[in-house]
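Here are my notes for your review. Please read them beside the model.

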Amino acid sequence: LFGTLDAPEPDEILRSNQAFAADPRAHKVNLGIGMYYDANGRVPLMRAVSEAQRRIVDGGVPWPYGPALGSETLRAHLAALVFGEGTPVPVSAQTLGGTGALGMGATLLAEAIGPDAVVALSTPSWPNHAPIFARAGFTIRGYRYLDDAGTAFDREGMLADLAALPRGSVVVLHAGCHNPTGVDPAPEDWPAIVEILRAHGLIAFVDAAYLGFGAGWSQDCAPIRLVRDSGVAMLFSLSCSKSFSLYGERTGCLMIPHQDDAAARGIAAHAAAYARTQYSIPPGHGARIVEIILGDEALRADWLAELETMRGRIIDLRHALVSTLAAEGMGDRMGHLGRQHGLFSQSGLTRAQVARLAAEHAIHAIPDGRICIAALNEGNLGHVARATAEVCRH
Ligand code: PLP
Ligand code: TYF
């Protein structure tokens with residue numbers, strides 16, 4: 001029956017994760033899939049999340065069906081957290097993580113503007129971006145993002161490529177902590193990007209999965225607010241997976257600012273129709289956890305403080321890795337890792353070197369050279385640096 005189906009391209013990130021899981025060596029290291037790990041190599045259960053869970057259990061709260069667009073309180077809290085207290089609440093839907101927000105947004109866009117429009121992605125981008133927008137029927141195009149060395153932002157290249165897009169194209173922008181490169185536009189680059197979007201009639205789809213991991217929560221929200229304040233047509237996908245360490249709960253939100261009441265009602269109806277045919281209602285548990293945290297001043301402050309500690313630990317790890325690699329004889333060849341942001345960097349390792357890291361040293365990275373810095377710790381950093389220097393030497 002299904003023999004005619006072509007197998008889709010396998011996801012190299014998930015494949016690397018499977019290879020790690022199947023590796024029997026005790027000293028194995030997982031630099032592949034993007035998760036934040038603590039100093040003991042564990043995905044943290046954040047203090048505020050733990051307390052919110054306790055309140056849910058102690059309160060004996062039941063789990064009835066909820067609305068198709070999810071919790072209105074959660075959506076209002078998230079909008080205030082990103083766009084500022086007291087600003088207009090955008091039309092929004094609670095989604096299945098950031099991925100669900102991208103999928104819903106892509107479908108709503110295809111319904112609204114037709115799938116003939118171009119969707120432009122940074123080269124490179126998160127490998128799920130292209131299939132998500134392609135599934136909604138869009139034609140995908142790349143825009144330049146990295147300089148020739150592949151380690152810094154190519155401002156002129158990006159601006160030129162955006163300016164060359166047909167009017168009405170959709171531009172997917174990483175809000176920060178770019179996946180897979182860790183390379184972000186500087187704060188002073190964003191006004192020029194927004195001006196190109198405005199002048200050329202482009203639609204911004206801003207994707208945020210790492211808020212709080214870049215320069216700090218409010219700094220990380222600044223580009224998102226800048227796009228919103230410019231009046232450019234905008235969709236915004238927010239993932240709570242990393243910022244609340246709630247990966248498996250599938251908590252996220254799609255927000256669409258600047259809509260008058262009639263447009264907002266239309267969007268909400270289409271979003272609810274999408275939910276109804278895909279999954280009916282979004283999952284409740286992670287959403288209730290985030291809602292409890294954001295609705296309680298003390299819990300919210302503790303969550304932000306712990307997130308800030310996580311951010312600081314990644315920066316320390318970046319510097320420790322750069323200096324340990326230098327001590328292993330690599331000079332400043334990987335100095336860019338210390339200047340980049342978020343969970344990831346592209347190491348510059350070739351596919352062959354990545355394969356050797358896995359085969360000879362039980363270190364699993366993504367074949368394109370992406371490494372998850374947040375998976376390093378005191379116990380594995382020396383091993384990773386020695387092995388990296390070794391595969392680069394021979
Ligand atoms: N967007 C980017 C850039 C990501 O790296 C991720 C990673 O998970 C997502 C969206 C999706 O997030 P989620 O796991 O919440 O679906
Ligand atoms: O890039 C990452 O590693 C994360 C997690 O199909 C992820 O964004 C990776 C692949 C995937 C879903 C999530």
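1. Basis. This is a predicted model: local features need pLDDT of at least 70, side-chain atom pairs count only at pLDDT 80 or more, and totals for chains, interfaces and linings use all residues. Residues are numbered from 1 along each chain as its sequence is written, with chains lettered from A and ligands numbered from 1 in the order in which they are written.

2. Domains. The protein splits into domain 1 (12–45 + 300–393) and domain 2 (65–295); these bounds come from an automatic or database domain assignment. Their centres, taken over C-alpha atoms, are 27 Å apart. Domain 1 puts 27 residues into the contact and domain 2 puts in 23 (contact: C-beta atoms, placed from the backbone, within 7 Å). On the domain 1 side, α11 (297–330) gives the largest share, seven residues. That side has 13 nonpolar, eight polar and six charged residues. Here Ala, Val, Leu, Ile, Met, Phe, Trp, Tyr, Cys and Pro count as nonpolar, Asp, Glu, Lys and Arg as charged, and the others, Gly among them, as polar.

3. Ligand 1. The residues around ligand 1 include Gly34, Trp126, His174, Asn179 and Asp207 (C-beta atom, placed from the backbone, within 6 Å). Helix α4 (residues 97–113) gives the most, three residues. Helices (H or I, at least four residues) and strands (E, at least two) are DSSP runs, numbered from the N terminus. By class the shell has two nonpolar, nine polar and one charged residues.

4. Ligand 2. Its shell holds Asp11, Ile13, Leu14, Ile33, Gly34, Trp126, Asn128 and Asn179. Both domain 1 and domain 2 give residues to this shell, so ligand 2 lies between them.

5. Strand β2. Five of the five residues of β2 (residues 91–95) are buried, so the strand is largely enclosed by the rest of the structure. Buried means 20 or more other C-beta atoms within 10 Å of the residue's own; exposed means 12 or fewer; partly exposed is in between; C-beta atoms are placed from the backbone. Val91, Ala93 and Thr95 point one way, Ser92 and Gln94 the other. β2 pairs with β8 (residues 252–256) in the antiparallel sense over five bridges (pairing needs at least two DSSP bridges). Val91 stands opposite Ile256.

6. Helix α7. In α7 (residues 190–199), Trp190, Ile193, Val194 and Leu197 are buried. They fall within an arc of 95° seen down the axis, so they line one face of the helix. The arc is that of the directions from the helix axis to the C-beta atoms. Pro191 and Ala199 are exposed on the face turned away.

Key. Two residues are in contact if their C-beta atoms, placed from the backbone, lie within 7 Å.
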